[in-house]
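Here is my note on the model, point by point. Please read it with the structure open.

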Amino acid sequence: MLESGLIMAAIILVINIVYVSFFTIRMILTLKGYRYLAAGISVIEILVYVVGLGLVLDNLNNIQNLIAYAAGYGIGIIVGSKIEEKLALGYITVNVITKEYDRDLPKQLREQGYGVTSWAAHGLEGDRMALQVLTPRKYELKLYQQIKELDPKAFIIAYEPKTIHGGFWVKAVKKGKLEK
């Protein structure tokens, strides 16, 4: 009896991990504008949800089922987030402020295929160079590493742009010209 109770709890745990992972991915796809893909995933998501919830509601007398359901929810959020991280959909804009103005950082980043706009900036401690770099999210960590190698004291802020229009760089990225 205990063995079948543990098997049921394990099934509920796995089902909820799968459900919440789909839920997390669907939400992210919706926010990034992939409506039809998100709608397709929601069909699978809700089927898994109904099965999992049905198992819990049919076995409410066992506390381990409720615990498994709750634990599966938390683990599912982590798993879904990790999957989305690996998918790395969309673009990232990185603002960089260099410690010294005379660095040739924009040219070096452009040679690697990044879209870079730079301008003179003035900070509390003197002249700086400000850069705005646009890249697909899948190259985000590589970009940070390259900036830190070229200027270890650079100040970096990143955000996801909602809309991108125009510019020569967008065409190059769509053709896959960024170095991997």
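**Notes on the predicted model**

1. Start with helix α3, residues 63–87. This helix gives the nonpolar patch its largest share, three residues. Bear in mind that the model is predicted.

2. Which residues form the patch on the surface? They are Leu57, Leu60, Ile63, Leu66 and Ile67. Together these nonpolar residues have about 480 Å² of accessible area.

3. Leu60 lies in the loop between α2 (35–58) and α3. Its relative accessible area is 47%, so Leu60 is classed as partly exposed. Patch membership requires over 30% relative accessible area, and Leu60 has 47%.

4. Now a contrasting site. Leu134 sits in strand β3, which spans residues 126–136. Is Leu134 buried or exposed? Leu134 is buried, because its relative accessibility is 15% and the cut-off for buried is under 20%.

5. Val116 is 18 residues away along the chain. The C-alpha atoms of Leu134 and Val116 are 6.8 Å apart.

6. On the overall fold: the protein chain has six helices and four strands. Their order along the sequence is α-α-α-β-α-β-β-α-β-α.

7. Contacts come next. Take those in the protein chain with a separation of 6 or more: 71% of them join residues 24 or more positions apart.

8. Last, burial and surface. Of the 180 residues in the protein chain, 36% are buried. The protein chain exposes about 11500 Å². Carbon and sulfur atoms account for 63% of that area.

Notes:
Residues numbered from 1 in each chain as written. Predicted model: local features only at pLDDT ≥ 70, side-chain atom pairs only at ≥ 80, totals over all residues. Heavy atoms only, no water. Patch = residues over 30% accessible without salt bridge, like charges linked within 9 Å, V, L, I, M, F, W, Y side chains within 5 Å. Areas by Shrake-Rupley, 256 points an atom, 1.4 Å probe, with all protein chains shown as cover. Salt bridge = Lys/Arg side-chain N within 4 Å of Asp/Glu carboxyl O. Helix = DSSP H or I, 4+ residues; strand = E, 2+ residues; numbered from the N terminus. Buried < 20%, exposed > 50% of the residue type's maximum accessible area, 1.4 Å probe, protein only. Contact = heavy atoms within 4.5 Å.
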